[in-house]
Amino acid sequence: MALDGIAIACMAKEIKERIAGGRITKIAQPESDALMLTIKNQKDAWKLFLSAGASLPLVYFTEQSKPNPMTAPGFCMLLRKHIGGGRILSVSQPGLERILILEIEHLNEMGDICRKKLIGEFMGKHSNLIFCDENDTIIDSIKHIPLSVSSVREVLPGRPYFIPDTMQKKNPLTVTEEEFFSVLAEKPTTLSKALYTSFTGLSPVMAEEICHLSSLDSRVSFVELTEPERIHLSGTFRRRMEDVEKGAFTPCIFYDRQIPFEFSALPLSHLDAYERQDFPSISEVLETYYASREAIVRIRQKSAELRHMVQTALERNRKKYDLQARQLKDTEKRDKFRIYGELINTYGYGLEPGEKTLTALNYYTNETVTIPLDNTMTPQENAKKYFDRYGKLKRTFEALTELIRETKEEIDYLDSVSSALDIAVEEADLIQIREELREAGFVKKRGPKEKRTKITSVPLHFLSSDGYHLYVGKNNLQNEELTFHLASGNDLWFHAKGIPGSHVIVKTEGKSKESLPDRLFEEAAGLAAYYSKGQSNDKVEIDYVEKKQVKKVNGARPGFVIYHTNYSMVASPSLSGLTKLED
């Protein structure tokens with residue numbers, strides 16, 4: 001979700017607690033539409049990042065430094081001149097708008113005390129960072145907005161600053177119950193949409209949460225509600241706003257299978273099905289959430305070439321497999337031709353010259369069959385013709401059976417690589433997958449002078465609830481390494497049944513499987529389901545066996561194994577109870 005007014009309120013509270021009264025010691029402009037302020041408050045120094053990016057407006061504290069241009073932009077130089085060394089007097093948020101106002105006290109060139117305002121507007125494509133004097137006259141802004149761009153408000157030096165009321169939304173912190181009912185009654189739309197389009201600072205997610213807390217269907221309209229339901233909705237809305245006014249925030253991120261799905265400054269009970277992680281500050285939430293999302297997007301971009309290569313090869317092999325399967329189906333009548341030849345040799349002695357058919361008893365099925373004949377040939381020649389057709393189809397069947405087996409193995413292999421690309425979380429993983437594809441012949445071999453890339457990717461390592469170590473291969477090469485080098489005979493091997501997925505090794509410390517806790521099997525099976533193509537399913541069937549029962553097939557691709565004596569269980573894809581370790 002984007003920053004809503006409630007997240008901004010949480011950020012305002014955090015800024016007040018950390019830097020109110022602090023002095024600005026450094027001002028930088030690392031990006032064309034972003035500022036980094038370093039503020040010292042007593043013995044602590046804080047870096048406040050403010051971005052007016054159209055696609056991702058943000059404000060949060062960070063410990064990370066950002067590279068700055070060699071020459072500071074004009075807006076940055078202006079701020080340094082006016083408020084460098086200035087003291088943060090106050091931090092405010094008008095209503096529940098997505099706006100933060102930093103009021104700063106400083107000395108002018110004459111040594112007189114002056115006040116200025118640095119205003120951050122975090123409103124999507126309308127975001128801006130605006131510098132004003134104490135009379136709310138704009139001195140400058142990081143983005144200039146002339147009338148040709150916006151007829152609602154100019155943002156130019158010398159113009160008055162004001163907050164445009166383009167949506168005629170109400171302030172949710174001050175609205176009365178009568179106004180609440182009146183505003184919503186005028187919206188002929190769903191209850192959720194009516195809420196977030198009627199009140200400032202409410203996001204669609206928070207509107208959905210208010211409906212959920214009120215036990216109401218967010219898809220109905222307000223006019224469909226009964227009087228008690230309206231009163232209950234109003235009470236729930238008021239209590240949520242009271243949490244904002246009191247600063248009772250609980251910054252958190254909701255994860256969907258380890259991928260950040262949503263963040264909020266307040267708990268979201270309608271997302272209880274997702275894994276929730278609480279954070280001590282909204283800054284950590286924003287930095288973690290967007291850094292994780294950025295890392296996922298970056299890996300997706302970097303893996304695009306490999307994905308395209310694998311997908312193209314998969315489509316080509318699947319088409320080949322379908323064609324070979326159709327051709328194989330055509331060979332199913334081969335035995336019929338052999339039987340025709342045998343029956344002609346058996347019964348053909350009584351045929352008259354010029355006969356076009358032979359009706360005979362099929363001694364294999366005790367059924368009477370009629371066999372077409374070429375009346376220009378002798379019975380022996382007709383029999384030979386059928387035997388020749390049988391021989392040709394038999395050879396085709398044998399060749400196609402082998403080809404189909406090879407094609408199916410290729411499809412299974414490429415599916416496993418596709419699964420490994422889904423698991424990849426860092427560039428080192430992609431390097432190893434590319435190396436694997438190079439060895440498999442899908443990527444061009446290196447030239448004699450091309451340097452070999454160092455492989456630094458390692459398997460995932462987890463600790464179970466009972467203190468056992470579990471390892472997960474992120475690709476076929478790691479699967480091979482885990483199963484045949486790391487694992488010993490009595491260690492347990494887990495894998496999703498019949499679908500591509502990671503090898504999961506449980507180090508049993510020499511204990512028999514009968515003496516291991518049941519919870520360990522459940523956690524390992526959940527891990528194997530999670531790192532498989534069945535990750536999105538509710539349940540996945542998992543095979544598990546002692547490692548000594550797992551065998552490598554001669555000539556098979558990396559990570560492809562066979563096993564005959566195994567146990568099975570059904571598990572939900574989950575990392576519950578496991579602690580991820582960094583090796």
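Axes are taken here as lines fitted to C-alpha atoms, for helices over the stretch in contact, with angles running from 0 to 180 degrees between N-to-C directions. In these terms, and in what is a predicted model, the axes of helix H7 and helix H8 (residues 304-330) come within 4 Å and cross at roughly 50°. Because angles under 35 degrees count as roughly parallel and those from 65 to 115 as roughly perpendicular, H7 is oblique to H8. The contact is made by Arg300, Gln301 and Lys302 on the side of H7, and by Ala304, Glu305 and Arg307 on the side of H8. Sorted by class, the contact of H7 with H8 comprises one nonpolar, one polar and four charged residues.

The crossing in which H4 passes H5 is right-handed. On H4 the residues that take part are Leu191, Ser192, Leu195 and Tyr196, and they meet Pro204, Ala207, Glu208, Ile210 and Cys211 of H5. By class, seven nonpolar residues, one polar residue and one charged residue make up the contact of H4 with H5. In H5, the residues Val205, Met206, Ala207, Glu209, Ile210 and Cys211 are buried, and the elements that cover the buried residues of H5 include helix H1 (5-19), H4, helix H6 (227-246) and strand E11 (259-264). H5 is followed by Ser215, for which phi is positive, near 60°.

Strand E11 also belongs to an open sheet of three strands, in which the order is E11-E10-E12 and the pairing is antiparallel. E11 and strand E12 (275-278) are the edge strands of this sheet, each pairing on one side only, and the twist from one strand to the next averages 30°. Strand E10 (residues 252-256) and E11 run antiparallel and are joined by five bridges, with Cys252 standing opposite Ser264 in E11. Helix H7 (residues 282-302) packs on the sheet, where it touches E10 and E11, and its direction makes about 150° with that of E11.

Another open sheet has seven strands in the order E22-E19-E17-E18-E16-E15-E23, again with antiparallel pairing. Its edge strands are E22 and E23, each of which pairs on one side only, and here the twist averages 30° from one strand to the next. Helix H12 (residues 476-486) packs on this sheet and touches strand E16 (469-472), E17 and E18, its direction making about 140° with that of E16. Helix H13 (residues 518-530) likewise packs on the sheet, touching strand E15 (460-463), E16, E17, E18, E19 and E22, and the direction of H13 makes about 40° with that of E17.

The loop between strand E22 (567-571) and strand E23 (579-581) contains Pro573. Since buried means under 20% relative accessible area, Pro573 counts as buried at 11% relative accessibility. Leaving aside neighbours within four places in sequence, Pro573 is in contact with Arg257, Gly526, Ala529, Tyr530, Gly534, Gln535, Asn537, Asp538 and Val540. Pro573 and Glu523 are separated by 50 residues in sequence, while their C-alpha atoms are 9.4 Å apart in space.

Key: Residues are numbered from 1 along each chain as its sequence is written. This is a predicted model: local features need pLDDT of at least 70, side-chain atom pairs count only at pLDDT 80 or more; totals for chains, interfaces and linings use all residues. Side-chain values use heavy atoms; hydrogens and water are left out. A crossing is left-handed if the near helix is turned anticlockwise from the far one by less than a right angle, and right-handed if clockwise. Helices (H or I, at least four residues) and strands (E, at least two) are DSSP runs, numbered from the N terminus. Contact means heavy atoms within 4.5 Å. Ala, Val, Leu, Ile, Met, Phe, Trp, Tyr, Cys and Pro count as nonpolar, Asp, Glu, Lys and Arg as charged, and the others, Gly among them, as polar. Buried means under 20% relative accessible area, exposed over 50%, partly exposed in between (1.4 Å probe, protein chains only). Two strands pair if DSSP finds at least two bridges between them. Angles under 35 degrees count as roughly parallel, over 145 as roughly antiparallel, 65 to 115 as roughly perpendicular and the rest as oblique.
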